[in-house]
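Dear colleague,

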Amino acid sequence: MSASDHTILLENVTFTYPGTDIGVHDVSLGIRAGELLAVIGPSGCGKSTLLKIIAGFVQPSRGRVIIAGKDAAGIPPRERNIGIVFQSYSLFPHMTVLENVAYPLKLRGRPVAERRANALDILGRVGLKDHIDKLPAQLSGGQQQRVALARALVFDPQALLLDEPLSALDAALRVEMRDEIRRLQRAHHIATMHITHDQEEALSMADRVAVMRDGRLVQVDAPKALYAQPANRAVASFIGHANLWRGRVVDGTSVETPLGILKTAPHGFAAGEPIVVLVRPEKLAIGSAADGVNTLTGKVTRDRFLGSFRRFDFEVGGTKLLGETGNMAEIRSIHILPEAVQLLADHDGKRP
Ligand SMILES: Nc1ncnc2c1ncn2[C@@H]1O[C@H](COP(=O)(O)OP(=O)(O)OP(=O)(O)O)[C@@H](O)[C@H]1O
């Protein structure tokens, strides 16, 4: 990673809240111009703290934050030229929509006419031209969120930080606003960090997703890669549905699991090594394999019809598997192709 490729670059950044060892630890991460990086992880894992470090609200005790090629140490938040949107929007309640959006330009000493013209322009682009004289309280949640976005972008910042910007909205509006944010972010070609606890939001919006746990980055990857090749059990269980079992490597193409010995694609783990075995639900194929490999007989203990597909529990000798299929036939046996049996190192992301 280099500062010339990245609008925001964190190098081995550590910050802990005074008197604790809670915060973020040794985080290295880059966001390119035009890239949307989502940060996800369980509550309290340090997502907002990471944002505060980039914004300049807190100072790292170790490591460097580099913004647009410049070390940000000692640069106060306002001079970092970063737009920020919080979950609560934090609009000024006594100011009109237009005044709210023009405010960052006022802070920067721009002339009145330019403030108005730029604010009107961005308000047009977020579809709020007809609401400029209203107060925030007279707007819906989605409209308030658009005002917050317009205010974060009006001064042409070099980066955008979004802290759970959609979590106060209802489900339908959340999905609509995902597209809206993505559209604006693309149009401005702006480096963006989008914090969320909603994995679907992260996977559907982001160019890359950073998974955090206990203040550390566990994996940073494109959405598809994160789902297909999770680095460990923590990522596999956090992203999508998963069958996860503890197992032990038998040899280069098989593994012992609670379901018995399963064939795998050739892998590099050593015989006898404890391992985590991952099978995604959609990889359970209905019926026996023609060659009998990884075929399991058992019974369906739960079956949920979900329109174009069904999600089912299949019990094999006391072990439950979760499956998903568009096949609506009766299920007496399933099989798993060897390449769908994934082996992950047996740690939860706490070990580096
Ligand atoms: N000012 C503070 N002083 C001490 N500890 C804090 C402070 N702010 C946050 N923390 C702690 O730091 C940890 C990380 O908090 P942070 O807000 O970054 O998490 P998060 O991943 O954004 O969580 P959430 O999804 O719940 O917002 C948490 O354990 C939190 O309790």
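**Around the ligand**

Of the 13 residues around the ligand, those that come nearest are Y17, S43, K47, S48 and T49, where a residue counts as near if its C-beta atom, placed from the backbone, lies within 6 Å of the molecule. Please keep in mind that this is a predicted model, in which local features need pLDDT of at least 70 and side-chain atom pairs count only at pLDDT 80 or more, while totals for chains, interfaces and linings use all residues. Residues are numbered from 1 along each chain as its sequence is written.

Helix α1 (residues 47-55) provides the largest share of the shell around the ligand, with 3 residues; helices (H or I, at least four residues) and strands (E, at least two) are DSSP runs, numbered from the N terminus. The shell divides into 3 nonpolar, 9 polar and 1 charged residues, with Ala, Val, Leu, Ile, Met, Phe, Trp, Tyr, Cys and Pro counted as nonpolar, Asp, Glu, Lys and Arg as charged, and the others, Gly among them, as polar.

**The open sheet**

An open sheet of 6 strands has mixed pairing and runs in the order β6-β7-β8-β3-β9-β10, two strands being paired if DSSP finds at least two bridges between them. Because β6 (82-85) and β10 (216-221) stand at the edges with a single partner strand each, one side of each is left without a neighbour in the sheet. Within this sheet, strand β3 (residues 36-40) pairs with strand β9 (residues 208-213) in the parallel sense over 4 bridges, and L37 stands opposite R208 in β9.

Strand β11 (residues 243-251) pairs with β14 in the antiparallel sense over 6 bridges, and V277 in β14 is the bridge partner of W245. β14 also pairs with strand β21 (residues 342-345), in the antiparallel sense over 4 bridges, and there V276 stands opposite L344.

**One residue to look up**

Which residues is I54 in contact with, leaving aside its neighbours within four places in sequence? They are I8, V65, L161 and M193, contact meaning that the C-beta atoms, placed from the backbone, lie within 7 Å.

With best wishes

Notes:
Contact = placed C-beta atoms within 7 Å.
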